[in-house]
Amino acid sequence: MRLEGQVRIPSGCAIAAVISREGRKMSGELITNAMKPMHDRSNGLGGGFAGYGIYPEYKDFYALHMFFDSRESRKECEAFLKERFEIVKSENIPTRKTPAITDEPIIWRYFVTPLKSVLESMQLDEKEFVARTVMKINTGMKNSFVFSSGKNMGTFKAVGFPEDVSEFYRLEEYEGYCWTAHGRYPTNTPGWWGGAHPFTLLDWSIVHNGEISSYDANRRFIEMFGYKCTLKTDTEVITYIMDYLIRVKGLTLDEAANVVAAPFWSTIDSMEDEEEKKKQIFLRTLFPSLLVTGPFSIVLGFSGGLMALNDRLKLRSMVVGEKDDKVFIASEEAAIRTMEPNAENVWAPAGGEAVIVHVKDGCY
Amino acid sequence: MSIEFIYPEFEVIRNESRCIACRVCERQCANEVHSYDPERGIMVADESKCVNCHRCVALCPTRALKIVKSDCALRENANWPQSTINEIYKQASSGGVLLSSMGNPNPLPVYWDKILINASQVTNPSIDPLREPMETKVCLGKKKQEIRRDENGKLVCEMTPQLELSVPIMFSAMSYGSISYNAHASLARAATELGILYNTGEGGLHEDFYVYGANTIVQVASGRFGVHKDYLEAAAAVEIKMGQGAKPGIGGHLPGAKIVGDVSRTRMIPEGTDAISPAPHHDIYSIEDLRQLVYSLKEATEYKKPVIVKVAAVHNIAAIASGIARSGADIISIDGFRGGTGAAPTRIRNNVGIPIELALASVDQRLREEGIRDNVSLVVGGSIRSSADVVKAVALGADACYIGTAALIALGCHLCRTCHSGKCNWGIATQRPDLVKRLNPDIGSKRLINLVRAWQHEIKELMGGMGINSIEALRGNRLMLRGVGLNEKELQILGISHAGE
């Protein structure tokens, strides 16, 4: 059977997220509990979490989380990394044995900073350099895989149910101001850890529920700009789209949401605000190949905030709730109630309506 | 009889018990097949003149007529089919180049028919176009540009010129001269009503049709017929015609007999002269010359109109398209080897060029590999026969399709493939006033509108089935396609998997 990446595997899913606008830290246990009532939305073939603000002592370094097939592949990759980065810390990611999670690869993390001389000789800014290095490892080194590459954030994922994945990675020991989580229901059996979600690049992380029908149109377009879709998943391509629109093209989150879940032409035609209308026409005309169709609900995490977004027809469930400084997002309200029984203002955002939450400046 | 004698290709079968000798067939046939025999009181036929255009069949009030293929045949020979032998007889007799009309009719592969479309089941929902919005609008033009903001951080929403189409279909280039005034009127009016564009071809733009300028693409071809300032300014876009799928490598040819009255004035050449376009543009011998013409036309139209470069699908099409995409052109139009024509040398039409499906797939892939796909839009034609072909073309990577033959069929063309005779009984490929008036532009435009709207409905149904609600999300979406009965190489060029994979 062909592995994920060699073949496209559609999947249904559960997602959840929590963020504190004040930047208050929460342990990974909270988000883990949120996934429990949505157990049946996953089938044990993939679960994962992303935490922001979890590495305050190394916040100025890129945290590379990696899977290796063997000690040799780790040694080989480390040699490659040393040519490009200063590695300030290199260690096993702590795990605990649990019968629900088996066949784990070698799971490692490095805290690194790019070598100035290499950056200068390649004439690249730091983020572009890191992004390209991640692409290079993930496409060129068969037995090494970078699954997290941001600063002061990290992704933890495995083949298994989300709550078991959390136990395996000891997430209750981490504290972050923002967490996202994913439980996967793929329609095939990849049995590969890299295929689990969240999918990340730099400090972008995406958890996604859905199966987009625009996939190959989006993929073939975004691959023009140096991205390589090695996993053939929706989540991967949406992450690259967001990175391209926001980091490379310089769009705002709102504008990027307008590209990905564009308002219908008929809606644009009936807009009364001329400036808004002009902007929408501009964005749709310029980025038609980045329109994402078919069902999706996504939570895009980044340093200092997150954005939740549904496809424009709202073909996947997604609800949002609030309580004090916290905002909760999940596929089902039950997950929100697990995190905060007294959640307020629980609502279902409309299709294409971006929910953007920022942590107060200086609080993360 | 002599060795030149070729037994008529068709037989006119008249049901004598139905025929009332009303002589409609006689009046309708410009080829003078039918006549009345007053002595016997019956209609007779000279089938040697019949081109099988079905005009008489369609207009016979008692349905007394049918045209059938003659079964008078030479001894069967797989290597020497009768058509080949007849062509040798003709050439041995005349010493001339054989002429043909319309697209290549030979049984070469039609890849559209070996490609199947996907639909949603279970893991994502199909979308019902009767209940949900389903978008077929596309904008053609260059997309690649820097994002700029003003001092307040607001987006500067200026774009290079774009063509807006309500559905990704346009009427391809057919010149006034090769087709009639009424055919042009039908195309122009239909394009305007539909929110799409038609194309003048290289025959200039009749003054009556300037009012449809917003839905008109004007062509600049190697003969430069009919090109002047007002012509360029009247249009929504300007197309440089480098080649045509039916006859790659040679220019157009309109016989002097068709250059009469308004046709002559519109082309800006004397009546009765043959309008022979040079094979190349004599100011374009290479890609850097093309760039100069593109920018000359942009200067002339103040950078307000997209410039299209139309080329025939030939062997090296991917590299050619890559060159064009860097030449300043906004849109590349590619014409496949099955594209139609009013007249082309038979050998060229039947043997030169490649299928549009393969050309499109390799061009789209090449432009993506070079990171310049969003420099240009891609329009393909030759031949697009149905809404399914449109959907497959878009999924392979086209922004829009040109339809020519399909539009003419909607107007009444019965594909008899004798346009070059100028005696089109359906009033399309003729300049004879008595024949031209048979095509009523009120009805013609209505039929074109019906056709495109019907295709639009079908496109929406197919898209909805795939769970796609904007045609933009279908463009280049090759995972939505599978091949059947194609070999590895064909699949590789098309960039699709085989059915079952």
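Predicted model: local features only at pLDDT ≥ 70, side-chain atom pairs only at ≥ 80, totals over all residues.
Helix α2, residues 71–84 of chain A, lies across β4, β5, β6 and β7 of chain A. With β6(A), helix α2 of chain A makes an angle of about 5°.

**The open sheet of chain A.** The sheet is made of 4 strands, in the order β5-β6-β4-β7 (chain A), with antiparallel pairing. At its edges are β5 (85–92) and β7 (144–148) of chain A, and each of these pairs on one side only. From one strand to the next, the twist averages 30°.

**Strands β4 and β6 of chain A.** Strand β4 of chain A covers residues 62–68, and strand β6 of chain A covers residues 106–114. The two run antiparallel and are joined by 7 bridges. A:F67 has A:I107, in β6(A), as its bridge partner.

**The two domains of chain B and their contact.** Chain B is divided into domain 1, residues 10–96, and domain 2, residues 138–473. The centres of domain 1 and domain 2 of chain B, taken over C-alpha atoms, are 35 Å apart. Domain 1 of chain B gives 9 residues to the contact, and domain 2 of chain B gives 7 residues. On the side of domain 1 of chain B that touches domain 2 of chain B, 4 residues are nonpolar, 4 are polar and 1 is charged.

Key
Residues numbered from 1 in each chain as written. Chains lettered and ligands numbered in written order. Domains from an automatic or database assignment. Nonpolar A, V, L, I, M, F, W, Y, C, P; charged D, E, K, R; others polar. Pairing = 2+ DSSP bridges. Axes fitted to C-alpha atoms, helices over the stretch in contact; angles between N-to-C directions.
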